[in-house]
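Here are my notes on this model, as numbered points. Please read them with the structure open.

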Amino acid sequence: MMENKLYVSSSPHIRSNNSTRRIMLDVIIALAPTSVAACVIFGFRAAVLIAVCVATCVLLEFLARKVMKRESTVGDLSAVVTGLLLALNLPVDINPLIAMFGCLIAIVVVKQMFGGIGMNFVNPALAARIVLLVSFPSAMMHWVTVKGAPAKAVIDATTSATPLAAEKGTYSYVDLLIGRCGGSIGEVCAIALIIGGIYLVIRRVISPIIPCVYLATAGVMSLIFGLNPVFQVLAGGMLLGAIFMATDYTTSPVTNWGKVIYAAGCGLLTMLLRTYSNMPEGVSFSILLMNILVPLIERMTAPRTLGFVKKAKGEKK
Amino acid sequence: MMAKGYLKEFTKGIVKENPVLCLVLGTCPTLAVTTSASNAIGMGVAATAVLVCSNAVISALRRFIPDKVRIPAYITIIAGFVTIVQMLVKAFAPAINDSLGIFLPLIVVNCIILGRAEMFAGKNPVIPSILDGLGMGVGFTAALLCMGIIRELLGSGSVFGAQILPFQILIFILPPGGFFVFGMLIMLANKLNTRAGRKVKTTPCDGCPMAANCSQKAEKCGEKEEAESC
């Protein structure tokens with residue numbers, strides 16, 4: 001009777017309870033403080049923008065899978081995350097139709113045309129943001145500041161530059177931390193982003209390597225360029241990019257050294273673009289460029305196969 | 001029989017062997033000048049004129065051009081026609097000349113024209129060569145016009161300068177939008193070409209739309225992936 005008690009199966013024998021849906025839910029939870037902060041700072045229009053983006057992304061994901069006659073992947077919540085991230089990357093007073101066009105780029109062109117979740121070669125939300133930035137430069141660079149009375153945002157809002165383009169000394173660190181400055185709805189409140197990042201690290205959804213190396217490289221580069229490193233890290237979209245964009249599973253390396261190289265490249269490019277390009281911000285372009293380099297970085301840092309001895313140079317087979 | 005053969009030489013360039021969408025030749029002018037529909041027409045007509053004339057002359061001289069120096073000889077003939085066309089455009093359509101800029105003289109090195117000279121006009125009599133050039137030119141112009149209309153409509157909101165859409169998606173008149181529209185059109189052309197019950201090709205030469213004219217087909221089929229690349 002012994003054999004009946006043995007359950008024979010092939011490996012793996014130990015499974016974790018992780019699933020795509022659970023991971024995506026964690027990311028949504030981590031983005032919640034930022035979304036709430038956006039609604040508090042920018043008011044009701046930010047909530048509408050988030051709702052429009054999430055709903056459009058989910059709908060397009062459903063329709064795209066339907067048209068391609070593939071199994072629906074709406075249930076894994078990845079489209080919700082893409083929509084949320086895209087909304088957080090937009091200025092508050094953007095035309096909802098433009099935001100919906102961004103969703104189309106993210107879900108249909110970047111994600112589904114390359115095969116759906118796990119197949120996209122760049123981060124969909126980021127690619128959509130860049131397409132919008134190139135297509136509608138005036139609408140995408142129209143920042144609204146709510147200095148003074150955050151709760152009455154709609155009335156007290158004034159148009160202004162992002163902290164990166166503003167004159168030195170306009171914003172204090174406290175302004176940057178709690179979001180009293182111009183920018184995309186999700187990038188202004190640094191504290192909410194940091195809370196979300198800590199949650200993701202504790203839940204082991206992301207490894208701290210990418211955000212830490214990214215921010216450290218950017219800090220060191222700003223010292224080299226003679227800029228204020230704390231200001232450079234807090235201002236603009238760097239925290240949002242480092243914590244939520246650069247850590248996307250599909251488009252970041254799996255090896256630890258690969259992560260270090262990737263994140264350092266992001267930090268370096270961001271600071272180069274911020275300093276030498278004619279745009280105030282360089283986070284999205286740098287992450288997108290490094291996304292494209294990920295296959296090369298992974299090949300370079302592939303771990304040695306167990307039991308395989310590296311041949312000395314010049315030695316023949 | 002003869003008439004049917006001639007018709008085939010003409011029509012093959014329009015869909016089945018469309019130089020831009022199936023042979024993927026001449027992509028540089030395709031991507032560069034299709035920011036508006038009128039530019040696309042100007043480029044298409046200029047290239048077609050050169051293509052027809054050069055095909056005719058090269059075909060007529062095919063027995064006199066030594067094989068070893070055929071490429072320089074072809075280029076010289078093509079360059080002569082390009083100069084004529086450029087002078088005509090400058091005289092009668094200076095606006096087109098300004099907007100096409102360097103791409104007008106660059107027709108000299110257009111892969112479609114040299115490709116047709118090498119593949120077709122160098123081995124066939126004059127009349128089929130003229131028809132081949134005309135068909136390829138029409139196919140080139142049609143593909144350019146499609147791209148030009150789509151890109152101008154979405155990128156500037158207008159067609160042939162007449163404002164239609166109330167918004168502009170600038171990326172479509174920038175290079176990334178050009179590549180995107182180009183990819184979409186290639187997809188559409190592939191769809192049209194495979195829809196009519198044609199089997200998916202398996203060996204490299206079967207999949208090559210130039211296989212019919214390829215001189216290396218007999219000995220090198222299976223080794224060479226593409227008959228010609230520019």
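1. Chain A has 15 helices and two strands. Helices here are DSSP runs of H or I with at least four residues, strands are runs of E with at least two, and both are numbered from the N terminus. Residues are numbered from 1 along each chain as its sequence is written, and chains are lettered from A and ligands numbered from 1 in the order in which they are written. This is a predicted model, where local features need pLDDT of at least 70, side-chain atom pairs count only at pLDDT 80 or more, and totals for chains, interfaces and linings use all residues.

2. Of the 317 residues in chain A, 45% are buried. A residue is buried if 20 or more other C-beta atoms lie within 10 Å of its own, exposed if 12 or fewer, and partly exposed in between, with C-beta atoms placed from the backbone. Contacts in chain A with a separation of 6 or more come to 72% from residues 24 or more positions apart. Two residues are in contact if their C-beta atoms, placed from the backbone, lie within 7 Å.

3. Look at helix α4 (residues 78–88) of chain A. Its buried residues number 11 of 11, so α4(A) is largely enclosed by the rest of the structure. The cover includes α2 (20–42), α3 (44–67), α5 (96–111), α6 (124–135) and α13 (238–245) of chain A.

4. How do α3(A) and α4(A) cross? Their axes come within 8 Å, at roughly 145°. Axes are lines fitted to C-alpha atoms, for helices over the stretch in contact, and angles run from 0 to 180 degrees between N-to-C directions. On the α3(A) side, the contact residues include A:L49, A:C53 and A:E61; on the α4(A) side, they include A:A79, A:G83 and A:L86.

5. Chain B holds 10 helices and two strands. From the N terminus, the order is α-α-α-α-α-α-α-β-β-α-α-α. Chain B has 230 residues, and 37% of them count as buried. Residues 24 or more positions apart supply 71% of its contacts with a separation of 6 or more.

6. B:F172 sits in the loop between β2 (162–163) and α8 (175–195) of chain B. B:F172 counts as buried because it has 20 C-beta neighbours inside 10 Å. Leaving aside neighbours within four places in sequence, B:F172 is in contact with B:R151, B:L154, B:G155, B:G177 and B:V181. B:I71 is 101 residues from B:F172 in sequence and 37 Å away in space, C-alpha to C-alpha.
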